[in-house]
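The description begins with the terms it needs and then turns to sheets, surface and side-chain contacts.

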Amino acid sequence: KAETKIISRTIRSGGLVEANGSLIVLGDVNAGAELVAEDDIIVIGTLRGIAHAGVTGNERAIIWAQRILSPQLRIAGALAQSSGDVPEPSGPEIAHLKEGQIVLRPWDKQL
């Protein structure tokens, strides 16, 4: 049975957190850290590490963070890598699959 895992601390570089349901991090995820979840990943802070939501093929999974500055996002079998030239986000962002591609958009925008 899938359960939501809540981590109430910053995930340091080299850290790996896995969840068999959704994963919520109450803190930042530093570069070099990795989050892996079968369902959604939510970061109440800045996501600088790697995030893989829907790891078992859940294409409805999302990645949400106050700021997404990750070099790599994965949702189900899709992969998105940052070129490093991404402007600083002005607010919360959400990543989801649209037609098999990962789309990153401001959280307050409609689909």
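Strands, labelled E, are DSSP runs of at least two residues, numbered from the N terminus. Under this definition, Leu-104 belongs to strand E11. The structure is a predicted model.

Strand E11 covers residues 101–106 and takes part in an open sheet of 6 strands, whose order is E1-E3-E5-E7-E10-E11 and whose pairing is mixed. The edges of this sheet are strand E1 (5–7) and E11; each has a single partner strand, so one side of each is left without a neighbour in the sheet. From one strand to the next, the twist averages 20°.

Within this sheet, strand E3 (residues 23–25) and strand E5 (residues 41–47) run parallel and are joined by 3 bridges.

**The five-stranded sheet**

Another open sheet contains 5 strands in the order E2-E4-E6-E8-E9, again with mixed pairing. Its edge strands are strand E2 (16–19) and strand E9 (78–81), each of which pairs on one side only. Neighbouring strands here are turned against each other by 10° on average, direction ignored.

Strand E4 (residues 34–37) pairs with strand E6 (residues 50–53) in the parallel sense, over 3 bridges. E6 also pairs with E8 in the parallel sense, likewise over 3 bridges. The table lists bridge partners in this sheet.

| Residue | Bridge partner | Strand of the partner |
|---|---|---|
| Leu-35 | Ala-51 | E6 |
| Val-36 | His-52 | E6 |
| His-52 | Arg-74 | E8 |

Ile-6 is located in strand E1. Its relative accessible area is 53%, and because the cut-off for an exposed residue is over 50%, Ile-6 counts as exposed. Together with Leu-26 and Ile-44, Ile-6 makes a nonpolar surface patch of about 270 Å².

The side chain of Arg-105 makes a polar contact, at 3.3 Å, with the side chain of His-96. Leu-104 and Ala-80 are separated by 24 residues in sequence, while their C-alpha atoms are 9.5 Å apart in space.

**A buried serine in a loop**

Which loop holds Ser-70? Ser-70 lies between strand E7 (63–68) and strand E8 (72–75). With a relative accessibility of 7%, Ser-70 is buried, because this value is under the 20% cut-off. Its side chain reaches two backbone oxygens: that of Gly-49 at 2.5 Å, and that of Gln-72 at 2.8 Å.

Note on methods:
Residues are numbered from 1 along each chain as its sequence is written. This is a predicted model: local features need pLDDT of at least 70, side-chain atom pairs count only at pLDDT 80 or more; totals for chains, interfaces and linings use all residues. Side-chain values use heavy atoms; hydrogens and water are left out. Helices (H or I, at least four residues) and strands (E, at least two) are DSSP runs, numbered from the N terminus. A polar contact is a pair of N or O atoms within 3.5 Å; within protein, one must be able to donate a hydrogen and the other to accept it, and residues adjacent in sequence count only if both atoms are side-chain atoms. Two strands pair if DSSP finds at least two bridges between them. Axes are lines fitted to C-alpha atoms, for helices over the stretch in contact, and angles run from 0 to 180 degrees between N-to-C directions. Patches are made of residues with over 30% relative accessible area and no salt bridge: like charges are joined within 9 Å, nonpolar side chains (Val, Leu, Ile, Met, Phe, Trp, Tyr) within 5 Å. Accessible areas come from the Shrake-Rupley method with a 1.4 Å probe; for residues, only the protein chains shown count as cover. A salt bridge is a side-chain nitrogen of Lys or Arg within 4 Å of a carboxyl oxygen of Asp or Glu. Buried means under 20% relative accessible area, exposed over 50%, partly exposed in between (1.4 Å probe, protein chains only).
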